[in-house]
Amino acid sequence: MGIKITGVGHYVPDFIVTNDDLAKIVDTSDDWITQRTGIKRRRIATGELAYQMGAKAAKEALKDAGQSIDDIDMILVSTITPDCFTPSIACLIGNELGTKTAVAMDLNAACSGYIYAMDIARNFLETGAYRNILIVSTEIISRVIDYSDRTTCVLFGDGAGATVVTRSNGIYSSSLGGNPSGAYKLFAKMKHHKNPWSLAQENYEMDKVNDFSYGHISMEGEEIFKFAALTLPKVVQSVLKQANLTLDELDLLVPHQANIRILQAANRRLKLPEEKLYVGIEDYGNISSACIPLGLWHLKKEGKLKNHDKICIAGFGAGLTYGAIVFEW
């Protein structure tokens, strides 16, 4: 059984932060950021909540699909920046959209979140008990950024993307994976309230994690670069092999938008023609799991997606997590 995207939506905050804006608050420059990341500007939330951004993207996706919230059986949300511990953002979005019956849950697979969510959706659809599933990826990464750290603050932005998916008879193949031994390589530590019986500080049993500051992303940039540049081409080749497709038969690769150098390094191994590789990092930066659905929205808006196009989406991120899916548009 395949999967069909019937509607796509997006939302990005109005407020734009350019490289020159960042150069006013941290030791960096437009040239330095552009050459090392490919990013020129990013959208930053200045009051929006993650569920509100996700709901706006979801409404657009439903409209694009010609459906209402009553047609949706499940809401799946991927995020690493929820608004609250509980309830889930999926429940908050569901309430905003007006559903009283849809199953609603969140998942956290970092930048691979949309990939994981689509494969989860596909498996639920295959049971036959679900007809339409709304996938929302919504991220406010600026919540966990130390804007005095130029190695991380230049990379990330905020935004949301959403898709409505249903069953189809088209091609579908997925390859998901993880390497939890690298969990400390990209980390944002959460501050907890102590209970009345706490006698000691929380101990992660990893010295380097205990040294991380609370609430901010800490990243081993070189290690993440190596992981992503090697893993992306491998997982793409793996999922194509499962789908019985060659690279030549692939119409488009939509990868996670982490860094232009990662995409270039990965494509030196894949050797995809430039027109088959989606790159949209310049205007948005890295929006974690929202990058891929936002990219699909852009491609559809620009008329670059045709019926039965063979699309590969691929992600990699903290955890370490990774995955790729091949499906027909």
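This is a predicted model: local features need pLDDT of at least 70, side-chain atom pairs count only at pLDDT 80 or more; totals for chains, interfaces and linings use all residues.

Colleague: Does Leu247 count as buried, partly exposed or exposed?

Modeller: Leu247 has a relative accessibility of 23%. Buried means under 20% and exposed means over 50%, with partly exposed in between. Leu247 therefore counts as partly exposed.

Colleague: Where is the place of Leu247, and with which residues is Leu247 in contact, leaving aside its neighbours within four places in sequence?

Modeller: Leu247 sits in the loop between H8 and strand E11 (252-255). Leaving aside neighbours within four places in sequence, its contacts are Leu240, Leu270, Leu272 and Lys276.

Colleague: How far apart in space are Leu247 and Lys271, C-alpha to C-alpha?

Modeller: In sequence, Leu247 and Lys271 are 24 residues apart. In space, C-alpha to C-alpha, the separation of Leu247 and Lys271 is 8.7 Å.

Colleague: Which word describes how H8 and H9 lie to each other?

Modeller: Helix H8 covers residues 221-242 and helix H9 covers residues 260-270. Their axes are 9 Å apart and meet at an angle of about 40 degrees. Angles under 35 degrees count as roughly parallel, and 65 to 115 as roughly perpendicular. H8 and H9 are therefore oblique.

Colleague: How many residues of the contact of H8 with H9 are nonpolar, polar and charged?

Modeller: On the H8 side the contact includes Phe225, Leu232 and Gln237, and on the H9 side it includes Arg261, Ile262 and Arg269. The residues of this contact divide into twelve nonpolar, one polar and two charged.

Colleague: Does Leu97 count as buried or exposed?

Modeller: Leu97 lies in helix H4 (residues 89-97). Not counting residues up to four places away in sequence, Leu97 touches Ala55, Ala58, Lys59, Leu62, Ile69 and Leu134. Its relative accessibility is 14%, and the cut-off for buried is under 20%. Leu97 therefore counts as buried.

Colleague: What percentage of the residues of the chain count as buried?

Modeller: The chain has eleven helices and 13 strands. Of its 329 residues, the share that count as buried is 55%.

Colleague: What is the radius of gyration of the chain, and why is the chain called as compact as a globular protein of that length?

Modeller: For 329 residues the globule rule gives 20 Å. The value for the chain is close to this, so the chain is as compact as a globular protein of that length. The radius of gyration is 19 Å.

Notes
Residues are numbered from 1 along each chain as its sequence is written. Side-chain values use heavy atoms; hydrogens and water are left out. Axes are lines fitted to C-alpha atoms, for helices over the stretch in contact, and angles run from 0 to 180 degrees between N-to-C directions. Helices (H or I, at least four residues) and strands (E, at least two) are DSSP runs, numbered from the N terminus. Angles under 35 degrees count as roughly parallel, over 145 as roughly antiparallel, 65 to 115 as roughly perpendicular and the rest as oblique. Contact means heavy atoms within 4.5 Å. Ala, Val, Leu, Ile, Met, Phe, Trp, Tyr, Cys and Pro count as nonpolar, Asp, Glu, Lys and Arg as charged, and the others, Gly among them, as polar. The radius of gyration is taken over C-alpha atoms; the globule rule is 2.2 Å times the number of residues to the power 0.38. Buried means under 20% relative accessible area, exposed over 50%, partly exposed in between (1.4 Å probe, protein chains only).
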